[in-house]
Amino acid sequence: MFLFLLIAMVVVVGAVTLAVVGGGDSAALPEVAPEQLVDPLPDDRPLGRADVDAVRLPVVVRGYRMAEVDDVLGRLGAELAERDARIAELESALAGAQATAGGRRDLFTKPGEESDR
């Protein structure tokens, strides 16, 4: 009885192994190309929140591909630095305009006109 169970178990394990491996010319699992990042970040306009939300990084065995993550983060960092520089430029221009107009009571009247407010 023991010998019969041992042979049956070997046959079952062999059949399962052949089924998983493919057991011949027809492969059970087709070859899959590795995931590649399809860069949804636009080159022709500044990034928006929807663009950042649309980024999906491909997953590999041990997490994410570091080079692709570095590329996306580098692009986002460059966009943020450009926006920060533009904001600082606009704030300094606004401060300069306010400083030159500081002597006038009403900023919307032309020089020499009286405000009747």
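Which side chains meet in a salt bridge at 3.0 Å, N to O? They are those of arginine 86 and glutamate 89, and the legends below set this pair beside other parts of the chain. The model is predicted, so that local features need pLDDT of at least 70 and side-chain atom pairs count only at pLDDT 80 or more, whereas totals for chains, interfaces and linings use all residues. Residues are numbered from 1 along each chain as its sequence is written, and side-chain values use heavy atoms, with hydrogens and water left out.

**View 1. The whole chain, with its helices and strands.** The chain has three helices and two strands, arranged along the sequence in the pattern α-α-β-β-α; helices (H or I, at least four residues) and strands (E, at least two) are DSSP runs, numbered from the N terminus. Of its 117 residues, 13% count as buried, where buried means under 20% relative accessible area, exposed over 50%, and partly exposed in between (1.4 Å probe, protein chains only). The accessible surface of the chain comes to about 10,200 Å², and 63% of that surface belongs to carbon and sulfur atoms; such areas come from the Shrake-Rupley method with a 1.4 Å probe, and for residues only the protein chains shown count as cover. Among contacts between residues at least 6 apart in sequence, 42% join residues at least 24 apart, a contact being heavy atoms within 4.5 Å.

View 2. The 20 residues of α1 should span 28 Å at 1.5 Å a residue, and the end C-alpha atoms are 29 Å apart, which agrees; the expected span is 1.5 Å times one less than the number of residues. The number of buried residues in α1 is zero, so this helix lies largely in the open. Phe2, Leu3, Leu6, Ile7, Val10 and Val11 form a nonpolar patch on the surface, with about 640 Å² of accessible area together. Patches are made of residues with over 30% relative accessible area and no salt bridge, like charges being joined within 9 Å and nonpolar side chains (Val, Leu, Ile, Met, Phe, Trp, Tyr) within 5 Å. Leucine 6, which has its place in helix α1 (residues 2–21), counts as partly exposed at 38% relative accessibility.

**View 3. Aspartate 51 and its surroundings.** Aspartate 51 has its place in helix α2 and is buried, with a relative accessible area of 10%. The side chain of aspartate 51 reaches the backbone nitrogen of glycine 48 at 3.0 Å. Aspartate 51 also forms a salt bridge with arginine 45, the closest N and O atoms being 2.8 Å apart; a salt bridge is a side-chain nitrogen of Lys or Arg within 4 Å of a carboxyl oxygen of Asp or Glu. Leaving aside neighbours within four places in sequence, aspartate 51 is in contact with Leu41, Pro42, Arg45 and Pro46.

View 4. A search of the whole structure finds five salt bridges. In α2, the side chains of aspartate 53 and arginine 49 meet at 3.6 Å, N to O, in a salt bridge; being four residues apart in this helix, the two are separated by about one helical turn. Aspartate 53 is partly exposed, with a relative accessible area of 41%, whereas arginine 49 is exposed, at 69%. Arginine 86 and glutamate 89 are three residues apart in helix α3, and are therefore separated by about one helical turn. Arginine 86 counts as partly exposed at 44% relative accessibility, and glutamate 89 is partly exposed, with a relative accessible area of 47%.

**View 5. Helix α3 and its buried residues.** Helix α3 (residues 66–100) has 35 residues and reaches 51 Å from its first C-alpha to its last, close to the 51 Å expected at 1.5 Å a residue. Glu68, Val72, Arg75, Leu76 and Glu79 are buried in α3, and what covers the buried residues of this helix includes α2 (49–54).

Definitions and conventions. A polar contact is a pair of N or O atoms within 3.5 Å; within protein, one must be able to donate a hydrogen and the other to accept it, and residues adjacent in sequence count only if both atoms are side-chain atoms.
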